[in-house]
Each structure stands twice: as C-alpha cells, then as structure tokens.
2 protein chains.
Amino acid sequence: MKYAFAQRTRNFESSAVRDILKVISQGNIISFAGGLPDDDLFPLAAVEEAYKRVFEGGKHTMQYGLTEGFTPLREAIADRMAVRKQIRMDAQNILLTTGSQQAIDLFARVMLNPGDIVLTENPTYLAALQVFQSYEAKVVAVDSDASGMLPEDLEEKMKTYAPKFVYVVPTFSNPRGNVWSLERREHLLRLAKKYNVIIFEDDPYGEILFDEASGYTPIAALDNGETVLYTSTFSKTVVPALRTGWVMGPYQIIRMMAQAKQAADLHSSSIDQQALYCLLRDFDLDAHIAGLRSVYKERMHVMLGQLQRLNLPGLSYVIPQGGMFFWLELHESINTKDLLPKAIEKGVAYVPGAPFYVSNPKHNTFRLNYTHSVPEKIEYGMSQLVSVLEEAYTTISIDKAMV
Amino acid sequence: MKYAFAQRTRNFESSAVRDILKVISQGNIISFAGGLPDDDLFPLAAVEEAYKRVFEGGKHTMQYGLTEGFTPLREAIADRMAVRKQIRMDAQNILLTTGSQQAIDLFARVMLNPGDIVLTENPTYLAALQVFQSYEAKVVAVDSDASGMLPEDLEEKMKTYAPKFVYVVPTFSNPRGNVWSLERREHLLRLAKKYNVIIFEDDPYGEILFDEASGYTPIAALDNGETVLYTSTFSKTVVPALRTGWVMGPYQIIRMMAQAKQAADLHSSSIDQQALYCLLRDFDLDAHIAGLRSVYKERMHVMLGQLQRLNLPGLSYVIPQGGMFFWLELHESINTKDLLPKAIEKGVAYVPGAPFYVSNPKHNTFRLNYTHSVPEKIEYGMSQLVSVLEEAYTTISIDKAMV
C-alpha cells in the first residue's frame, strides 16, 4: 500500500544531532555531542520522595486532570518566576507542557500559517527550526554577534518581512552558549512593540548560571505582559524524564495554546506534575541548582583548560557564563562534519555546527557539551579531540604547500 | 497588542463536553456526563510499587529517553497485543504517546492537508473531530447502524470523496457504546484495501468487556499490517494520570509519526512509561481488568434497571456489552441541551448528543456514563433524571394539545 503523507512531512528531517547520538550510543565513546545533564547529579531521593507524597494523596490524584496542568504547580511556578526572574504573571497565564519543546510546538501551531515568516538567530536551536518548518513557515535569520541580534538588521527584517514572531534563546543559547546584553534585549522588545511582533523567549538554561551575581533579565521581565511568551523547563534543573515544562504569557495566547493542547494530548502526565509540585514545596531546589552550577562550572573550566592549549589559526570561541555548551569556529577550510569520523575513531564525539544554521551554514563550526562527562573524561576526551584538530590543521598546511 | 492567530485556530472550539464538566465540577451534582473511570478502583498500591521499582533502577532512569518510547514497554505491548488481540507486530511498529489522544493528533499531522477528507461514523468521538478540524480537514459522516458503517454508503463515499483515512471506534464506541459486527469490520477492511484508504482504529474501551467469551476482533487483527493503525491506552485500565497510550501499524507511518513527535515534545514522560512497564511485568493487570469489568457491568445494569422503568414514546437505546456509555434517543421534539439545566437543577448531569455529530445532529440524543458513580448514586441520580424526562414528556403533550 502506498501512503500519501501530508505536505508538511516534506519538511520533516530526523535531527542530524539525533542521528549522531544514535551512532555514539553504540560503543565506548566520550560524547561531547548531546545536550544532556549528568545523571549522577539527579536528585533521585528527592524525586522518589516527591512521588511517595503524591501517592499519599490517595486515588483521586490519578484521575484525569486539567489541560492547563496541575493548578498548584502553576501557582508555584508563578511565584518562583516572580521572585527569581521578575516575571510577574498569574497562574492562569501559565500552561504546563510536555517539556518546553511542546511549548514551542503549541505556540507555532496557534500562530503559523504556511508561508509565514519567523525571525531567529543564526545559528539557533535545531528542534525549534524543525517545528517552524513542520508548519511550513519560512525562517529568516537575523545577523547577530555574541551580544544578540544586530539592531539594524533586526529592524530591517521586521520591516521587510512582517514576521509572525521572533524566536530567541537570549541566555546561554543552544548552540552558541552566548548571552544577550540588556541593551539588545530592550531593543528587541522595543522593536517588537513598534512592529506588532510577538517574541517567543526560550530559556531552558537560564538557571545554569555560573555567577549568580551576574543575573540576566529575561525579556519577559521587561515586558508589560503583552508581547513576550516565555518558556522554560525542569529538565535541566530537576530531571528530564519528568518532561515538564511551562510557557507563560498573554492570557489570550495561552488560552489558545491550551485549546490546541486539548486536541494534541488532553493533558501532560499529572502524576509528574504533582510530584514536581511536592518537590518544589518540600525540597530545596535552589540549593540543588547551586550545586549543579558549581559542578558544571568546574567542568566548563576543565574543557576550557584543554582548549587554551590549542594554538590554531582561526580558532575562536566565547567562554560560557552558564548553560551547557562551547561553540567553536575553526579555520574556514576545515569541515567539521568530515572531521567527525576521525574523532569518533579516536573515541570522542561532538556535533558539527552546520545543521544549526538557518542559512549560510558555517561548516567550520562545532558544539561541545561539558555537562554530561566527569572531569577525567573531559580531560581525556579533549586530549583526543585536540590531537584530531591538530592533525586536521597539519593537513591544511600540507594542502596549502601543495597548491 | 493584537494577535494574528493561525487560520487553523478558527476551527478550534472548546469542547462542549468540557464546558459542561466545568459547570458540574462546582457543586454537588451526580454526573453521568464525563467519561471517567472510577478513582476508587485505581490500583494505587500497584502503581506506587511500580514507581518504587523504577527508582530502584538508579539515576539513569531519569535521563532523556527515546522519542519512540521506553523500549521494554513497547516490547511488552507487542506481546500483550499478540496474545490478547491477535494483532501481531514488532516493537518497532509501536509508538508510545501521551494518551491515545496524541496518537490521533500525530497521525492527523502526518496525513492531513487542508481540505483532505476523513470519513467517520456519525456521531463519533468529539475530540477526534476537533483534531481533524484543527488540521483543516473536511469530515464526512458515513451512515451507520448499531453494527457499524453501512456498506453501500461507505463504498459510495470512498469512491466519491477519495478520503485520506477512515476513523472508527468499532468496539464500545464513544458516544454510542455499540459494537461493530465482524462482517462490517471485514467489509471496511476490504474496501479500504480496494480504494487505498488507511483505517485508523481507536480502541480505548476494548478491554472493558462485560462478557470475556464474546471477544471482538480488532480490525487491525484482520489486516496484514499494511492498512490499519490501531491505538489504545492504559488510561481506562490502569490510571489516566500516567497519560500513556500507544499506536501500532505500518512501520513507514509509525516512523513518520515519531518524527512528528520529536518536534511535538521530544518524548512523553519516561518515568511513567517505565512504571507501566514494571506494572505490566509484576502485577496481574488481567485480574485487575476482570475486576473492573464486573464492577462496571453491575453499574451498567443498575442504570439499565432505571431506564427500563421508563415508558416514553420514541425512547431508544442499545444495552452496552462493554465500555462506559449508554447512548439514548428521545422523542424527536425533545432537545436535550435545553433540558440539561433542568437536570442540573435536580442534581444530575449528562452530555447532550448533538456535539458528537459530524452532520445532521440529533438534538434528542444524550450520553450517560455509568463507570464513575457507585450504584447508590446511579440509583438516585437516575431517579432524578427519570423525573426530569417524564416531566419533559408531559410538556410535549401539553404543547401538542395547545397546537
């Protein structure tokens, strides 16, 4: 039998990252490729205790729940966001989702007609691009530097394209790991209001902040509640398996997304939501996050130490101030996709950068994750990777000599 | 700020059922309106024990999982379906979803272009209609009787409309509670193959079967694995809060749905999936289901007893052989939506039937659920409802006399 799939499936592609992860999961490879938190740091005892408390609530805790999510958890998130992020919204402005990935999807679903324009950074989060493409939107990249989107190009593109929304990861972005300046955040918000464009602010990594004092103001905290949708998740701060994220923003949009969610899956796991509520109530999540920060910061420094040994022309990177990734650029003649098999041969893996680009992919870029491996593995893996890079550079020199 | 929502949102409507449920949840009303299993029958101790065993597996159980779902649970479902339903497929043909609602949504997402035709029964499952409409498909009703779709009308509509797929709930359907005959199942499959149309078989209630010996063959069990997608859920047999359903069918379609799911939410809660796996492995689910059957069968009979007291012209219903619902038709001059406030005034609620229709709604129909209330409540609630109905019939006579 021949199946006639919908037109939108032409834009589906299995994530390049995912395919690499599949290869790597076989065999004894040190992977800097994924975007995983470290299992060993998961607060297992606290999570287990939280479920126990849910079950103590009796059988009715296991009945169908509200599409919008477990109300006490929405209230707890509203409180937490007001205190920690200065985003002040009511629980009714919050929708609980199956990870923040679902928040992106539901937002795209209620916003995008085929052919609509979405503005993004370049490179940006791969799985968000996949969502926008699956709704047959056209993604247009705005030029950016390490401090965020470039003001002139942003305004130019808002005027030219009349986009439906701007998707940004302004704090420790995936894949670049950079942080937008406050000025650029304010500027984006100002333009968004001027041109009547919604901002979708994706902030999965904001809590993985190496220097608490530095603090970064979410764009949503600068808004009056009209222009910005803000999404985050417990996947990086508690555990991923619970798949609980949230999105907060203008009630009219959140309500429409809840209607979309009703058709999409009725509601997310309410046992998990209730467990998270107990965990937020009874467990010192902030102390736990402080612990994560210090461990991940140390690992970042171990990786940085190895990178600093490299003296390769054209190599550049920004030292992360939080989040989970280094983003590196090599000499422009080096294709990191072609180099990957050599790295895997040496027992180490990374993600080539090109798939993260909306347009004009830089084939000499790659992403390294430092959160999933212990320092000794980072040391060893990086020493292997360094030798692969150094050899690649030798080949370039030889080629050049031959030309 | 004015928000320009996507065109598809014009087809969103908050479920009429859901709105009624909201009204009812306030106050002390006996509700036959929802489609809920009874909390008191939830196997709380077994579920709690299952989670405990997941946590015994250590921290890595809480890492990100596969989009397709927890592999051992997929294997266990494949085994269970082969034994209990004679549907023989490999684990790779199974995708785990956030309830079977998500299976419907992902299937529609990979299949439907705007304007595509979907054939359904009339009336049919409301939330499936909402999904199809949200993808801007056109739903066409096939004439049916208590044994399933009528052969001539089905073939006529397959020829005329060249539908993308046929959506059916052939065993204890929602809302009608009827069961398709084997002949009609075979006939649908034959036509589907002849006209190259996929069948989406939704079977959430198949396990809630009052007479084990009667058994009903899923359409998927009659197929060679090419034509039928089959979905079911643990929401009715274990607990709803886990939100775990599955869909099985041709690998090419399942793989495409997995790609759609990757963009939609990466994966569903893997803690819940692992707990269900432990539960299937260590707990006698079949004994538990046998218990549910006998309790729900008794409640159905209690409701039936009250219905049999009624002697109203034009009243008709089929005695359910399983599932969760009675579907009733009254004298054609009675509008069950108009009657509902009177029922609520008397402390009892039901769902008017009209919203379940694709076309030609019968305003004199309504649905009664018998699984969520204990026998005494069913007795009392039905006696109240009976008096509301009898009074409504009196009014008709008076009106007629006046004409």
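Predicted model: local features only at pLDDT ≥ 70, side-chain atom pairs only at ≥ 80, totals over all residues.
**View 1. Where chain B and chain A touch.** Let's start with the interface itself: chain B brings 81 residues to the contact, and chain A brings 80. Put together, the two chains bury about 7200 Å² between them, and carbon and sulfur atoms account for 58% of that area. Look for Met1(B), Tyr3(B) and Tyr64(B) here: these three supply 10% of the area that chain B buries against chain A, more than any other three residues.

**View 2. Polar links across the interface.** Zooming in, we can pick out Arg109(B) and Asp105(A), whose side chains form a salt bridge with N and O 2.7 Å apart. The interface of chain B and chain A has 2 salt bridges by the rule used here. As for polar contacts, 43 residue pairs make them between chain B and chain A, counting pairs with both residues at pLDDT 80 or more.

**View 3. The side of chain B that touches chain A.** Several helices of chain B turn up here, each giving two or more residues: helix 2 (44-56), helix 4 (99-111), helix 5 (126-134), helix 9 (251-265) and helix 10 (270-282). Helix 9 of chain B gives the most, with 9 residues. Sorted by class, this side of chain B has 36 nonpolar, 27 polar and 18 charged residues.

**View 4. A closer look at helix 2 of chain B.** Leu44(B), Ala46(B), Val47(B), Ala50(B), Tyr51(B), Val54(B) and Phe55(B) are the ones to find, as they are buried. What covers them comes from both chains, including helix 2 (44-56) and helix 10 (270-282) of chain A, along with helix 10 of chain B. Just past the end of helix 2 of chain B sits Gly58(B), with a positive phi of about 95 degrees.

View 5. Our last stop is Thr9(B), in the segment before helix 1 (16-25) of chain B. Is Thr9(B) buried or exposed? Its relative accessibility is 9%, so Thr9(B) counts as buried. A polar atom of the Thr9(B) side chain lies 2.6 Å from the backbone oxygen of Ala6(B). Setting aside neighbours within four places in sequence, Thr9(B) is in contact with Val110(A) and Met256(A).

Key:
Residues numbered from 1 in each chain as written. Chains lettered and ligands numbered in written order. Heavy atoms only, no water. Contact = heavy atoms within 4.5 Å. Buried area = accessible area lost by both parts, 1.4 Å probe. Salt bridge = Lys/Arg side-chain N within 4 Å of Asp/Glu carboxyl O. Polar contact = N/O pair within 3.5 Å; in protein donor to acceptor, adjacent residues only side chain to side chain. Helix = DSSP H or I, 4+ residues; strand = E, 2+ residues; numbered from the N terminus. Nonpolar A, V, L, I, M, F, W, Y, C, P; charged D, E, K, R; others polar. Buried < 20%, exposed > 50% of the residue type's maximum accessible area, 1.4 Å probe, protein only.
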